[in-house]
Amino acid sequence: MTLPTDVVEWPAQVRGNGGPRSFHVMAKPVAAACNLACRYCYYLRRPGIGRARRMSREVLEAFVRDTLAAQADLPEVHFSWQGGEPMLAGLEFFRQALALQERFRPAGVCVVNALQTNGTLLDAQWAGFLAEHRFLVGISLDGPAHFHDPLRRDAEGRASHASVLHGLEAMQRMGVEFNTLTVVHHLNYRHGLGVYRFLRRIGVRHMQFIPLVERFSGKGEIAAPWPADADAGMAPWTAPPEGFGRFLCHVFDEWLAHDVGSVFVQPFEEHVAALANRPAGICVFSSACSSTPILEANGDLYSCDHYAFSPYRLGNILETPIGELVRSAPQREFGRRKLDPLPEDCTRCEFLAACCGGCPKHRFAGPRPGGRIGNYLCPSYRLFFAHTAPALAPFAALARASDPDSSGEDGLSFYRSRFE
């Protein structure tokens, strides 16, 4: 099963005309501050990370005001709160953010908030607040304790798994909408079935799986991406190139046999979207990566969280409105460059429309024909897409047969709506 040959339509920001109409800024209200010291955290070894501080009222107001103003003609505007650990900002910070959103929200615009957390600070009060204000919460959980705790500990070396489960249970009691974010690393990549069954057993119904791919420079720091550092070595917790694909295939077989319609797994939804010629829902598989910048606590805006290095600093939102920065020529160029350096064998690959070259941060394997560098995860993507396409093709066929002009659904939304 292969993808339609005409499936790739590059959007305007990739072609260089204008910028993204909608954008999704990930804001870090306490910068890289965190109550955990996860061994694989790329902030801990990133060069140039300064003293963490909480986002000021001035920066918060500029962020909320200008984000809403720049997307005032859209029905929905999204705010995503990241870390470090964003809950360290405190409940009062988020109450202020909500008040500002209501103050600056244009008539008819719906505001949606998402929060990514390690889950260890979640209690009844936090869960009640998140439920009341309809936050979508992502909670980091790498599977059972023996996969999670070795890499996700606090600064004193204490395990975090039990605290995460308590936080998850607090959200379940309060009815918070949540999904789990599981990092696939050297400990768990062979155990996709066990990780999936554990998550399903504790009541998780929406799952994200992301591959851990990190490299160290000769100084022992996280290697800056793009251009690739030829002398950088792989971090010890990175799975082999095919490991992420193997993990997803094991999860898929179990899901297909038992859980279609009751459990939703992001990579599967993304593949349905690609097969149905619908836009990607995440930047990794999008044709451009220019619409998901990262906002640091001091107001500095960078092209991407993984590119928060000085060459990719777009400016400061206290000096330039955030909409201008996101739609600026440097950010458009950042998005366009995702596709331009693709190796020749990528452009001929039947799965190009599904992966769109993957994340440029992972593009250091090679060289390929023509001297260009390939994506470290290419073996994983090929394995996963080839394995899952035959079973997912019927969902994609239904989506293509629908009238997208009348329904306005992308592949992911279509897929979910058939079950939820």
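A nonpolar core is taken here as a set of buried Ala, Val, Leu, Ile, Met, Phe, Trp, Tyr and Cys residues joined through side-chain atoms within 4.5 Å, where buried means under 20% relative accessible area, exposed over 50% and partly exposed in between (1.4 Å probe, protein chains only). The model is predicted: local features need pLDDT of at least 70 and side-chain atom pairs count only at pLDDT 80 or more, while totals for chains, interfaces and linings use all residues. Residues are numbered from 1 along each chain as its sequence is written, and side-chain values use heavy atoms, with hydrogens and water left out.

The largest nonpolar core has 91 residues, and those touching the most other members are Phe63, Trp81, Phe94, Phe135, Leu199 and Phe209. Beyond its neighbours within four places in sequence, Phe63 is in contact (heavy atoms within 4.5 Å) with Val25, Ala27, Phe79, Trp81, Leu295, Ile317 and Ile322. A separate core of 13 residues lies apart from the largest one and includes Tyr40, Tyr42, Leu212 and Ala235. In soluble globular proteins, nonpolar side chains tend to be buried together.

Helix α4 covers residues 124-132, and its buried residues are Trp126, Ala127, Phe129 and Leu130. Viewed down the axis of α4, these residues fall within an arc of 160°, so they line one face of the helix; the arc is that of the directions from the helix axis to the C-beta atoms. Helices (H or I, at least four residues) and strands (E, at least two) are DSSP runs, numbered from the N terminus. The buried residues of α4 pack against α3 (91-104), β3 (110-117), β4 (136-140) and α6 (161-174). Gln125 and Glu132, on the other side of α4, are exposed.

Both ends of α4 have local features. At its start, a side-chain oxygen of Asp123 comes to within 3.2 Å of the backbone nitrogen of Gln125. Just after α4, Arg134 has a positive phi of about 55°.

Helix α2 (residues 57-70) contains Glu58, which counts as exposed because its relative accessibility is 54%. The C-alpha atoms of Glu58 and Leu318 are 8.0 Å apart, although 260 residues separate the two along the chain.

The cysteines remain. A disulfide is a pair of cysteine sulfur atoms within 2.5 Å, and a search of the whole structure finds 0 of them. For Cys359, the closest cysteine sulfur is that of Cys304 at 6.1 Å, which is too far for a bond. Cys359 is buried because its relative accessible area is 12%, whereas Cys110, at 38%, is partly exposed.

Notes. Polar contact = N/O pair within 3.5 Å; in protein donor to acceptor, adjacent residues only side chain to side chain.
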